[in-house]
Amino acid sequence: MSRAGIRVYLQVYKTQIIRSMTYKFEVYGNILMQSIIMLASAYFWKALFKNSDTVKGVDVDTMLIYTVVSAMISVVLTCNVERRIMTSVDKGTIAIDMMRPVNVFGVFLAEDIAGITALVFQNMLPILVIGCLFIKLPTPAGPAHFALFLVSLFMAFWINWLIACMFGMIAFWTLNMDALIQVKKHLIRLLSGSIIPLWFFPAWLRNILEWLPFAYLYQLPLDLYIGKYPVSSAQCQRGLCVQLLWLVLLTMGFLFLQKRVTSKVMIQGG
Amino acid sequence: MEQEKVVIEVNHICKQYKVLKKGEGIKGALKGLVTRESRLVPAVDDLSFQIKAGEIVGFIGPNGAGKSTTIKMMSGILTPTSGEILINGMDIQKKRKEVVRNIGVIFGQRSQLNWDLRLGESYELLRHIYQIDKAQYEETLDVMDQILGIKELLDKPVRQMSLGQRVKGDLVAAMLHSPDVLFLDEPTIGLDISSKYALRKFVKEINEKRKTTIILTTHDLADIEQLCDRLIIINHGHLMEDGNLSEIVNRIAPYKTLVVEYYDEYAPEHDKCELCFHEENVAKYRFGKKEITAARLIEELSAKAQIKDVSIEEAGIDDIIRVAYGQ
Amino acid sequence: MKLLRELFHYLDVTAANIKIAFLSIIEYPANIIGWLLSNPIQFLVGFATIQFVVNEFGAINGWNYGQLAFLYGLSVISHALSMIFFVNGWFMGWWVLDGEFDRMLTRPMSVVYQFFFTNINIFGITDLVPGVIVFAYGCQKIGFCFTLANVFQILVLLVGATLIRGGVYLILGSTSFWTRSAIDFGAFTQELFDKTTMYPISMYPEAFQFILTYIIPIGWVSFYPVSGLLGIENGLANGQVATWITLFAGILTMLVAAGFFKLGLRRYESAGN
């Protein structure tokens, strides 16, 4: 990639950070709402653990850490790319966007990373502070676990972004995707372990979910953080391998779709 | 003439907007998260006037002059910061629901028709909202059909209509409940010539047939020239001029322009008028009506150079605007 | 008499609006299929995950699985009703910024009424499906008796609960008049309501319960009236009185919200200034 190209992405990145900070009320509203939701989850677990010390090898303190970290991960997994593609296709500006000398998906990525950068300060840190004060200090299981958590979180970000981006590309073929986006959002919310860990799911469902990408957005990074399995355990290694496999698969899928979409736009002009 | 009844009375209205100050760059954005600086910008400042039944009044003024704000306050959309607006003697802020029964509103480029449905469905809903009984509804529709030929459009989905057809649809929608007063905010903006023509014809005819009082804002001077008995010029939220077109012209632009075509490129100056345009053989002289007569001017100019042709342009609305806006 | 005529007028326009809403969705049949898939999935899967947890722990704060299903089902039903009639509250920021209130302010009806009812969201019906399924399941599980009195109680409860939800949406949305920003309250409002109406609020700390009971009356959406109906001790309002308080709380919330909305409307600046 050329120097000039990188400069363009950096410029997009910077403008987008500024843009996301101008909506002050949105920022405070988000912090408030996310805190309430996180607190509610924490009390949900406290109520459940009232009569039991450990369930599925996990005690209440671990579950509280799980809740706080899950809320923080959700910041890293926010992206707007599907909406961006949709509106761009809707308004018919996508053809012009794609003719530009920079890769349009690169621009969308820069925007999303900028959005997340702003959110790290606007949301993640406040959530961490509130989590520490009112719920529990979310200490990781150990340095090795934490390192693997970071690796896994990094891959989770990419998996999430690629899924969203490929999902957004459906807009090139069908117009109204609101309902589809909702389905995807709820499936991720419920089947990724973001709210309720997958250990509680019945075995047959868990076996299926382990091979789907959802679990690698929340469940795997969270398992690593709380030290559900030892670093050297087979679950750990298999988890990271499957995550990597998904990352590779999705990247290939993305490159393939990008080609299809580009030729479609070039032929039809959007 | 029984045009004496005052329909709209505007007393000392002011409107201020709060505008947020925004810093620049990331630093400014960060600062904006904690502080909130704002300043008040007056959009309309102490405006008073009255409008009588059956008048067609045009509001003009440059962008941001406050004409849209004024018309939106008169139609009950914006709340004045101070002052009061009475329509048919009722304060529109205090008795909004009662007052708006008797007003119709058309905002250019903003439709009140349901995009997905047949035009008739939108009218049917309006009929319920305004509690118009079937007989009266049919009668109004007949009248509108004569002016605009609306009936053939009733079964057409709005999204399949041309812009011109949609405009017609909106005009009728605003008149279904037979309002006494019709507000039009930039009604001709973005319209092609035939749609503009239809709109103007409509405004004229409902004013004549139904004695509807009409208030419009526009940028199109032809609207004013062809429609308005009375002109109100607003700038910086103040009332600059109020009167009928020719009266305002006589008062603030009391001059004519003499266009002279000479046989060669030399155009002589004259001390009683201003040479305001000169290109090749053509020269334009602007002269005050009291300073000199056209005949005299031609006579004195022809003594200095040989004239091929002359014509006289009256001061028009553009001249008023130039003077009033101070440009 | 005048009041009665006015009421009739509003009912008449409501009927016309519902007709328009139905006509509009027929224009886009693909959409309804999408929502018919997406909404049930959301709530049915959501409910299933609760089941997994309850299976593991036995009960949540003394509520067994059948009772939780009853609570969850009723909560989803009132959610669905609020989606049909009040969902616009979530998106009020856009209405404010786009100047959509211009039209309503020039029509001779209450602006609050027009705001909610000129865009009835028939798609909300698709939320009713999972609600009814889970509710029926819960009823069967706990052997709920459908006497005439019980059905009446449930109807009163649903009206009150829907009004509480609508009132909260309206209050949140009305803040847009001050902030002038297009915040989508949907996702968070729904999560907040999910967390507070689909589980017994007795599991939360006292201060939180106090807020949910007296300040933002979300506790009355499902927890109090359902525990009243099922005879579970809630420490405040047991028996049928709880459903009536729900109705009262609903009307009160909506009135307060409408007042707040009207206050905001005075600051409305239309579009493009």
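Between chain A and chain C about 3200 Å² is buried, and carbon and sulfur atoms give 78% of that area. Buried area here is the accessible area (1.4 Å probe) that two parts lose on being put together, summed over both. In chain A, the residues that lose the most area to chain C are A:Met33, A:Phe44 and A:Leu48, together 17% of what that side buries. This is a predicted model, in which local features need pLDDT of at least 70 and side-chain atom pairs count only at pLDDT 80 or more, while totals for chains, interfaces and linings use all residues. Residues are numbered from 1 along each chain as its sequence is written, chains are lettered from A and ligands numbered from 1 in the order in which they are written, and side-chain values use heavy atoms, with hydrogens and water left out.

The contact between these two chains (heavy atoms within 4.5 Å) takes 37 residues from chain A and 34 residues from chain C. Two residue pairs are in polar contact between chain A and chain C, both at pLDDT 80 or more. A polar contact is a pair of N or O atoms within 3.5 Å; within protein, one must be able to donate a hydrogen and the other to accept it, and residues adjacent in sequence count only if both atoms are side-chain atoms. On the side of chain A that touches chain C, α2 (24–48) and α8 (178–191) each supply at least two residues. The largest share of that side, 14 residues, comes from α2(A). Helices (H or I, at least four residues) and strands (E, at least two) are DSSP runs, numbered from the N terminus. By class, this side of chain A has 24 nonpolar, seven polar and six charged residues. Ala, Val, Leu, Ile, Met, Phe, Trp, Tyr, Cys and Pro count as nonpolar, Asp, Glu, Lys and Arg as charged, and the others, Gly among them, as polar.

Two salt bridges cross the interface of chain A and chain C. A salt bridge is a side-chain nitrogen of Lys or Arg within 4 Å of a carboxyl oxygen of Asp or Glu. A:Arg189 and C:Glu191 form a salt bridge, with 3.8 Å from N to O. A:Arg189 lies in helix α8 of chain A and C:Glu191 in helix α10 (residues 186–197) of chain C, so the pair joins two chains. A:Arg189 is buried at a relative accessible area of 16%, and C:Glu191 is partly exposed at 22%. Buried means under 20% relative accessible area, exposed over 50%, and partly exposed in between (1.4 Å probe, protein chains only).

The next interface is that of chain C and chain B. These chains bury about 3000 Å² between them, 50% of it on carbon and sulfur atoms. The contact takes 34 residues from chain C and 31 residues from chain B. Here 13 residue pairs are in polar contact, both at pLDDT 80 or more. On the side of chain C that touches chain B, α1(C) gives the largest share, eleven residues. That side divides into 15 nonpolar, eight polar and eleven charged residues. C:Lys19 and B:Glu121 meet in a salt bridge (3.6 Å, N to O). Both belong to a network of salt bridges that links B:Arg118, B:Glu121, B:Asp155 and C:Lys19.

Within chain B, B:Arg230 and B:Glu55 meet in a salt bridge (3.0 Å, N to O). B:Arg230 lies in strand β9 (residues 230–235) and B:Glu55 in the loop between β2 (38–52) and β3 (56–60), so the pair ties together parts that are 175 residues apart in sequence.
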